[in-house]
Amino acid sequence: MSPTLTDAAPSRGDAADGLSILESRKSAAETFGIPLAVLAELTHRCPLQCPYCSNPVELERGGSELTTDEWKKVLTELAEIGVLQIHFSGGEPTARKDIVELVQHASDVGLYTNLITSAVLLTRDKLKALADAGLCHVQISFQGNEPVVADRVAGLKNAHEKKLEVARWTRELDLPLTVNAVMHRQNLHQLADIIQMAVDLDADRLEVANVQYYGWALKNRAALMPTLQQIEETSRIVEEAEVRLKGILAIDYVVPDYYALRPKKCMGGWGRQFFNISPAGKILPCHAAETITGLDFLSVRSNHSIAWIWQNSEAFNRYRGTGWMPEPCQSCEFKEIDFGGCRCQAFALTGDAGNTDPACALSPMHEQIFKTAETEASHGGDRFIYRNFAGGTVETGGEYGS
Amino acid sequence: MAARTRNISVTGTSRPLLPRHAKLRFDDTRQRWVILAPERVLAPDDIAVEVLQLCDGDRDVDQMVDLLAAKYVADRAAIASDVIAMLQDLADKGFLVEAREASA
């Protein structure tokens, strides 16, 4: 649901507000202490078919999902080892019939709960039940500011209207609301209107998240890649809105790394302050990590504790810290700033997760990647490959894939 | 209780409290106070924790300053300006709302 989690570390200190001690250097969080926040992908099932979905191309079927009791046990264990926040995500987390029960259990064991949802399956009663179960925050994804673009991107008719309705219920129930807008070439022209939509919906936060290109988004890169001109315009619009809406709407902006010179500090560093639990219970350094072949990710169904997997498993330790880095990273003065960028992107674009992320200008592949992005942005077709369990369906005129 | 959440200007008569999405709690594992908020965890310092614990939506800022000035036998004006600056900063970031009477 939330490709932004790649970049927007779910918990981060902000030196400016004087409240950053938890994540300061050499703190527990820095030295592989238990993460403050964990993303629980309850299911890969989803009524939407967004072409940039952050789920792996090989989706997990419903039958392999953890049971209600297994998730409850996981939530209890997370709280016991010191995790503070749980983000319920997917797929669509409300596709699980036990979502209210899981939120209630998370509240009972003291976790701060966040629901990252497409909203299209929610009724007012269900949302009320979630609020009563202690839900702390709702994040709803939007694909545009009006139905023509938004429903086409989502691959679902009437999705946009439904989302607006659920967003209004969220505020009526006095739940805080974040609008998550995933941006790409085919909706960036709506950005100013999307910002206004978030204000009109009385949202507390807006995430303006440029698509991150792995998995489904990589398949759809030619249809999604923005132009350099669009990116410059985006930055201008966001900066203007941040000033104008101070105290009204907080805006988090995720820049697309294809047009950057330095790579993003992906997940705050591999296995450094975050993990993700897949629908079948695998503990992953990020939601896209399973795209890297050759790494063995352990599951909560193994005979190891979650804390043991986090601290000791080979997959987490493989790219931790800086010792694994090849040149040009190893001697780079920024190596502890960006930790070499994104391992999934390095794997997707170079075939080796241990290489420098090509988003970095020091990568030998950077120039080529940038050229590809420019070419795709100007010459790529607009047709989507919709995300589904069949490995994707090409968009046909007027139809939304499935 | 209705709460105002947008464009708050903190003054002596404000009655601030944490919004539903910001939870102040003690983290047993790390042995310190934290504020849990959407997509972030904040670690307030000891003074901020003390001020935030006084923010119940009932007390106004003047009363909070009185309590702190008495407790620390400190200059009231200096405490007032520090407390208001800290609360304003939190309010601007969306981590503070202002209680007000429900309109009749």
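## A buried histidine in chain A

His105(A) counts as buried, because its relative accessibility is 17% and the cut-off for buried is under 20%. The model is predicted.

His105(A) lies in helix H2 of chain A, which covers residues 99-108. Leaving aside residues up to four places away in sequence, His105(A) touches Lys72(A), Leu75(A) and Thr76(A).

## Fold of chain B

Chain B holds 3 helices and 6 strands. Along the sequence, the elements run β-β-β-β-β-α-α-α-β. The radius of gyration of chain B is 14 Å, close to the 13 Å from the globule rule for 104 residues, so chain B is as compact as a globular protein of that length.

Along the principal axes, the C-alpha atoms of chain B fill a box of roughly 40 × 35 × 20 Å.

How much of chain B is buried? Buried residues make up 50% of its 104 residues.

Now the contacts. Take those in chain B with a separation of 6 or more: 60% of them come from residues 24 or more positions apart.

## Surface and charge of chain B

The accessible surface of chain B is about 5200 Å². Carbon and sulfur atoms account for 52% of that surface.

Chain B carries 14 positive and 17 negative charges.

Definitions and conventions:
Residues numbered from 1 in each chain as written. Chains lettered and ligands numbered in written order. Predicted model: local features only at pLDDT ≥ 70, side-chain atom pairs only at ≥ 80, totals over all residues. Heavy atoms only, no water. Helix = DSSP H or I, 4+ residues; strand = E, 2+ residues; numbered from the N terminus. Rg over C-alpha atoms; globule rule 2.2 N^0.38 Å. Buried < 20%, exposed > 50% of the residue type's maximum accessible area, 1.4 Å probe, protein only. Contact = heavy atoms within 4.5 Å. Areas by Shrake-Rupley, 256 points an atom, 1.4 Å probe, with all protein chains shown as cover. Lys, Arg positive; Asp, Glu negative; His and termini not counted. Charge placed at Lys NZ, Arg CZ, Asp CG, Glu CD.
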